[in-house]
Every structure is written in C-alpha cells, then in structure tokens.
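Student: I'd like to go through some of the labels used for this model. Could you show it to me?

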Amino acid sequence: AGIVDAAHRSSGHKLTISIAQGTQVFKSDAVTTVMPYLRLWYYLFGLLLLLLAALCILAWRTSLLRYTVGATPGTQKGAPFSLGLVQMAFWFYLAIAAYVYICTSTLQIHIPMGSVLGLLGISASTGLAASAVDSRKTSAANNEKNDLQIQQTALNATINDLQSTAITAGSVAETALLEKKSSLATVNATIANLSVAPSAAKSNGFFNDILNDGDGISFHRFQIVVWTIVLGSVFVWGVLRNMSMPEFDASLLTLMGISSGTYIGFKFPEV
C-alpha cells in the first residue's frame with residue numbers, strides 16, 4: 001500500500017530502490033517504475049460503468065430496491081425505494097468494484113477484506129432489520145384486523161337477536177340495540193381503514209422515498225444517507241490510492257452502526 005501511494009505521488013511513477021540489511025539502509029541511484037493503476041484501466045472502468053448502469057436500470061424499472069409495508073420485497077413494481085435496500089446495493093457495488101479493480105491490477109485473487117466485511121455486515125443487518133420491522137407492523141395490523149372481525153361477527157349476531165324480538169321505545173333493549181349498532185359502525189370503519197392495500201403506496205422520487213418517513217424528510221434517514229456517502233467516498237479514495245481494501249477505524253464502524261440502529265429504531269413509529 002505504501003509503495004502504491006508513493007508511486008501516485010512521484011513524478012512519472014518512478015521510485016528509487018534501496019537495499020537494507022537489518023537496520024542499515026544502503027541508498028542507490030537505481031530507479032524503477034511502479035504503475036499504481038491498471039494499464040488498460042479504461043476497459044475495466046467501462047465494465048464497472050456497465051455494472052452500475054445495469055444496477056440502476058434494474059432498480060428503476062423493477063422492484064429490486066423497492067419495498068411496500070405488507071408486501072414481500074421484490075413484488076411491488078413502482079413502490080417506494082427502501083433506504084435499507086439502497087444502502088445494501090451501495091456497499092455491494094463498491095465492494096465488488098473494488099475487488100475486481102484490485103484483482104485485475106495486482107493479478108491476485110486473495111484480497112484481504114478487513115473492515116469492509118464489517119461495513120457489508122452493517123448494511124445487510126440494516127436492510128434485514130428494516131424488513132423485519134415492516135413485517136412486524138404488518139403482522140400487528142393483521143392481528144388487529146382479525147380481532148375486529150371477530151367483534152364484528154359477535155355484534156352482528158347480537159343485533160340480529162335483539163331485532164328478532166319486539167322492542168318498545170325507550171326500553172333497555174332499544175338502548176342496547178343502539179349501543180351495539182354504534183359499536184358495529186365504529187368497528188366497520190376501523191376495518192375499512194385497515195383494509196387499505198399497502199401496495200397503494202407509490203414512489204415519490206428516489207431521494208424523497210429514502211429520506212421521507214411518512215411525515216416528511218426525517219433527520220435519522222438524512223443522517224444515515226450522509227454517513228453512507230462519506231464512508232463510501234473514503235472507501236473509493238482508499239482503494240484508488242493504495243490498491244487495497246481500506247481499513248476503517250473501529251470508531252467509524254461503531255458510528256455507522258449507531259446511525260443504522262437509530263434508523264431502525266425510528267422505523268417503529270413510521271407510517
């Protein structure tokens with residue numbers, strides 16, 4: 001990594017060669033050229049651009065990175081973009097592009113991944129947890145709907161029983177009947193609201209989808225997007241400068257984990 005970085009900074013990518021024996025260094029005037037990048041880099045660059053274009057086209061035209069509460073990921077074309085899935089795709093692309101770049105430049109396939117595995121793990125956990133939270137909310141809504149339908153059936157039966165008997169004005173039976181009808185109307189209205197199909201949600205644009213929590217642009221979503229972009233930029237810079245997978249400080253990974261955890265925590269009350 002140090003040699004590659006020095007080659008980047010040197011004129012014509014030329015480095016002097018020194019010989020060391022123990023702690024004694026013998027300087028020389030010998031010079032060698034170290035290419036800090038692939039000679040036919042434009043072919044690789046074009047290939048990676050094609051991969052990025054394919055990912056973007058699939059994300060836009062299919063449900064690859066979209067998700068609607070109550071629907072299985074991958075089944076809702078035109079649904080809002082999912083921040084968790086977008087973050088997973090972001091790190092997937094950077095990791096695979098960096099791996100291919102380093103492999104083709106160094107002609108080595110065993111590339112130490114280091115802290116990159118931590119980033120991939122955080123992004124995967126974020127996407128999985130986000131889907132789990134949405135599924136839990138959907139399950140809770142379904143359970144509530146089932147309970148209301150049981151109440152609806154019981155109220156209808158009670159109302160039919162009361163109406164099958166003679167009811168005089170002002171009697172206790174009439175009061176009970178009116179109460180049951182009022183309760184039934186409330187239950188019917190609640191069931192109607194719960195029956196609105198989640199798939200009705202539509203995308204309002206990429207950035208609005210990933211930053212909006214249902215009540216407008218939210219800071220916890222903005223925060224995770226900013227940190228993802230910052231660490232992604234550091235990642236790309238590290239790969240280009242050192243031709244190796246960058247090593248992120250443990251505190252940076254912890255910060256990314258906290259940001260992802262905050263996003264997951266705030267998903268519970270989201271609409």
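Tutor: Let's start with S218, which has a relative accessible area of 7%. Keep in mind that this is a predicted model, where local features need pLDDT of at least 70, side-chain atom pairs count only at pLDDT 80 or more, and totals for chains, interfaces and linings use all residues. Residues are numbered from 1 along each chain as its sequence is written, and side-chain values use heavy atoms, with hydrogens and water left out.

Student: Why is S218 called buried?

Tutor: Buried means under 20% relative accessible area, exposed over 50%, and partly exposed in between (1.4 Å probe, protein chains only). S218 has 7%, so S218 is buried. Its place is in the loop between α6 (206-211) and α7 (219-242).

Student: What makes Q87 buried?

Tutor: Its relative accessible area is 4%, so Q87 falls under the cut-off for buried. Q87 lies in helix α3 (residues 83-106); helices are DSSP runs of H or I with at least four residues, strands are E runs of at least two, and both are numbered from the N terminus. Not counting residues up to four places away in sequence, Q87 touches S123, T126, I224, T228, M256 and S260 (contact: heavy atoms within 4.5 Å).
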